[in-house]
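Biologist: Hi, can you walk me through this model? Please start with your terms.

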Amino acid sequence: MGVLAPNPSVITKSEKTGHALEINEVMCKGCTICVEICPKLCLEMVDVINRWEGAVVRVKDIDACIACYLCEHECPDFAILVHAAPKAKKKGVEA
Ligand code: SF4
Ligand code: SF4
């Protein structure tokens, strides 16, 4: 169990996919909804002793994230933002 200095904007970006997750550790109440709903098991809870909630969410595997937005939509406290990678331009298509 660790000690947390809550950060309102922890951004984790995948170099592989370009998708990023932004977690507001101040807003997170440790309910685990996002961990349970993520279809790719990207998230995990981390125990902390200096929060009444007892835990906050952390990114476990950003490379597995498919930017489906489920975690962002289901979080009751607006503590997760999904930043999907810009779509790659199609090659060989004239403007
Ligand atoms: S759903 Fe929101 S409040 Fe609940 S653990 Fe995830 S980020 Fe935290
Ligand atoms: S956007 Fe989808 S895949 Fe990515 S962490 Fe959230 S629920 Fe999981």
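Modeller: Happy to! Two strands pair if DSSP finds at least two bridges between them. Helices (H or I, at least four residues) and strands (E, at least two) are themselves DSSP runs, numbered from the N terminus. Residues are numbered from 1 along each chain as its sequence is written, while chains are lettered from A and ligands numbered from 1 in the order in which they are written. This is a predicted model, where local features need pLDDT of at least 70 and side-chain atom pairs count only at pLDDT 80 or more, while totals for chains, interfaces and linings use all residues.

Biologist: Good. How many helices and strands are in the chain?

Modeller: The chain has 2 helices and 5 strands, arranged along the sequence as β-β-α-β-β-α-β. Its C-alpha trace spans about 55 × 20 × 20 Å along the principal axes.

Biologist: What share of the residues count as buried?

Modeller: 20% of the 95 residues do. Buried is when 20 or more other C-beta atoms lie within 10 Å of a residue's own, exposed is 12 or fewer, and partly exposed is in between, with C-beta atoms placed from the backbone.

Biologist: And what about contacts between residues 24 or more positions apart?

Modeller: Those make up 56% of the contacts in the chain with a separation of 6 or more. A contact here is two C-beta atoms, placed from the backbone, within 7 Å.

Biologist: How many bridges join strand 1 and strand 2?

Modeller: There are 4 bridges between strand 1 and strand 2 (residues 20-23), in the antiparallel sense. Val10 is bridged to Ile23, and Thr12 to Leu21. The two strands form a hairpin with 6 residues between them, and Gly18 in the turn has a positive phi of about 85°.

Biologist: And on the other flank, which residue in strand 5 is the bridge partner of Ala20?

Modeller: That is His83. Strand 2 and strand 5 pair over 4 bridges, again antiparallel.

Biologist: Let's switch to the ligands. Which residues are around ligand 1?

Modeller: Cys28, Lys29, Gly30, Cys31, Thr32, Ile33, Cys34, Val57, Cys75, Asp77, Ala79 and Ile80. A residue is near a molecule if its C-beta atom, placed from the backbone, lies within 6 Å of it. This shell has 8 nonpolar, 2 polar and 2 charged residues. Ala, Val, Leu, Ile, Met, Phe, Trp, Tyr, Cys and Pro count as nonpolar, Asp, Glu, Lys and Arg as charged, and the others, Gly among them, as polar.

Biologist: Where does Cys31 lie?

Modeller: Cys31 is in the loop between strand 2 and helix 1. Because 17 C-beta neighbours fall inside 10 Å, Cys31 counts as partly exposed. Cys31 and Cys75 are 44 residues apart in sequence, yet 8.8 Å apart in space, C-alpha to C-alpha.

Biologist: And which residues come nearest to ligand 2?

Modeller: Of the 14 residues around ligand 2, these are Cys38, Cys42, Cys65, Cys68 and Cys71. The shell divides into 13 nonpolar, no polar and 1 charged.

Biologist: What does Lys40 touch?

Modeller: Leaving out residues up to four places away in sequence, Lys40 touches Ala64, Cys65 and Ile66. Lys40 sits in the loop between helix 1 (33-37) and strand 3 (43-47). With 13 other C-beta atoms within 10 Å, Lys40 is partly exposed.

Biologist: Last one: is Tyr69 buried or exposed?

Modeller: Exposed, because Tyr69 has 12 C-beta neighbours inside 10 Å. Tyr69 has a positive phi of about 70° although it is not a glycine. Ala67 also has a positive phi, near 55°, and lies in the loop between strand 4 (55-59) and helix 2 (70-74).
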